[in-house]
2 protein chains.
Amino acid sequence: MTRIEIPGDSLFGYDNLPYGVFSTARTSPRVGVRVADTVVDLTVVDTVFATASLNPFMAQGHARWVEVREQILDLIAGEIPDAAVHPVDEVTMHMPFEVADYVDFYASEHHASNLGRLFRPGSEPLMPNWKHLPVGYHGRAGTVVPSGTDIVRPTGQRKGEDVPTFGESRRLDIEAEVGFVVGTPSPLGTSVGVDDFDERVFGLVLLNDWSARDIQAWEYVPLGPFLGKSFATSISPWVVPLLALEAARV
Amino acid sequence: MTRIEIPGDSLFGYDNLPYGVFSTARTSPRVGVRVADTVVDLTVVDTVFATASLNPFMAQGHARWVEVREQILDLIAGEIPDAAVHPVDEVTMHMPFEVADYVDFYASEHHASNLGRLFRPGSEPLMPNWKHLPVGYHGRAGTVVPSGTDIVRPTGQRKGEDVPTFGESRRLDIEAEVGFVVGTPSPLGTSVGVDDFDERVFGLVLLNDWSARDIQAWEYVPLGPFLGKSFATSISPWVVPLLALEAARV
């Protein structure tokens, strides 16, 4: 049996407890929780974690998310079977969930204004709708990959002097974003209210919204970013549950 | 045993043979082929069809698509077990496949110009990129439904006199489109050439790209159509294989 020591300065203490999908040389991909410098195999808590995806657990809903977090706190406060505890540098991390749809919102006024000046010089940097609703677009769900995956520089058309030119992007850009992971579905044709946020959103990931600005600048009007964005989006392999943020509420 | 008679004027003769997912009062959802006014249960050809989705069959690739079409032609030219033949008005049709990602291309110059005049009066109806590349945007994969599914009129913001107003769309619109169903994946970071079209594209559906024009007109700049489009997209439950079009080649 193992008792996990959590150093006082660890970013992975009792308040955080992010979920991820990991494998080892001897263990097939499954869901684990990060505690200090270890990954604890959550199949000791529930068989719902014996699969390479958080989706089945997320589908169980908010009450179960609360319950399992309590079970994990109990587990790691005591002794854990040795076979369920892995040093974090001995595991391989994978995509933590299947992405059904992926929406990117233009949520920062500073960023939206900056991009407005970049792509529409000489006009108002913010469109009139920006102050009234969350402007967003759908990304390509199939290109969301876990951090660490090599990204291939995309090729595409760039605006040319007379005719467009084709080739590798010369203006590859990065954008740090926070991704919200929706855990439970809502029926088609119904609205989800702001008050339902806690019931629907399971957790958060860090996200790199890779952009090929030269390709984007040419192709994105009037239907929005497409090839200039949809070649890859990297996310952190660890999903911080929304419940973890309660401890940080001010 | 049943022998299917195909009237000379049937749209569902030997050249067409579309695939769909059907169920009856006594049969769980599975893949069938439409022949004249009947649906033939394809589990008599292969167990890959004993599921409520074309995805496993499509994943088998082009060579297998050709082979199975030959097997179906042999089957329906002869006698078929009675239990595998259902009158089309006694079956319920379902979504024929799972949608991983959904892209809508702005492929008709007439339509693109028309929409340009509608949404950007006083400026050039076509953007300069339109003649050089296929302009497209990602839709919401989770809202693609089979024809016949009731569509709920969406609510959202509309541009107002001083401030936006919120309510049901007053300008619900329809657009008839042809949908291409990609059957086999390509590795992330690779390009698919035009010559690979036959190997990747399994078939075609008819598609209704529902649009709430008042919502779209307000929210779609600069990131493209989002809430104004992503509430529903209807497709025909029958997928016409690309191979069926060979007979119509001129």
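Author: Contact means heavy atoms within 4.5 Å. This is a predicted model, in which local features need pLDDT of at least 70 and side-chain atom pairs count only at pLDDT 80 or more, while totals for chains, interfaces and linings use all residues. Side-chain values use heavy atoms, without hydrogens and water, residues are numbered from 1 along each chain as its sequence is written, and chains are lettered from A in the order in which they are written.

Reader: Among contacts in chain A between residues at least 6 apart in sequence, what share joins residues at least 24 apart?

Author: The count takes contacts in chain A between residues at least 6 apart in sequence. Of these, the share that joins residues at least 24 apart is 67%.

Reader: Why is the pair of Phe226(A) and Phe105(B) classed as it is?

Author: Rings of Phe, Tyr and Trp (its six-membered ring) pair if their centres lie within 6.5 Å; planes under 30 degrees apart are stacked, over 60 edge-to-face, the rest tilted. Here the centres are 5.7 Å apart and the planes stand at 85°, so the pair of Phe226(A) and Phe105(B) is edge-to-face.

Reader: Is Phe226(A) buried or exposed?

Author: Buried means under 20% relative accessible area, exposed over 50%, partly exposed in between (1.4 Å probe, protein chains only). Phe105(B), at 40%, is partly exposed. Phe226(A) has 2% relative accessibility and therefore counts as buried.

Reader: Which residue lies over the face of Phe12(A)?

Author: A charge sits over a ring if NZ of Lys or CZ of Arg is within 6 Å of the ring centre and within 35 degrees of the ring normal. At 3.8 Å from the ring centre of Phe12(A), the residue is Arg34(A).
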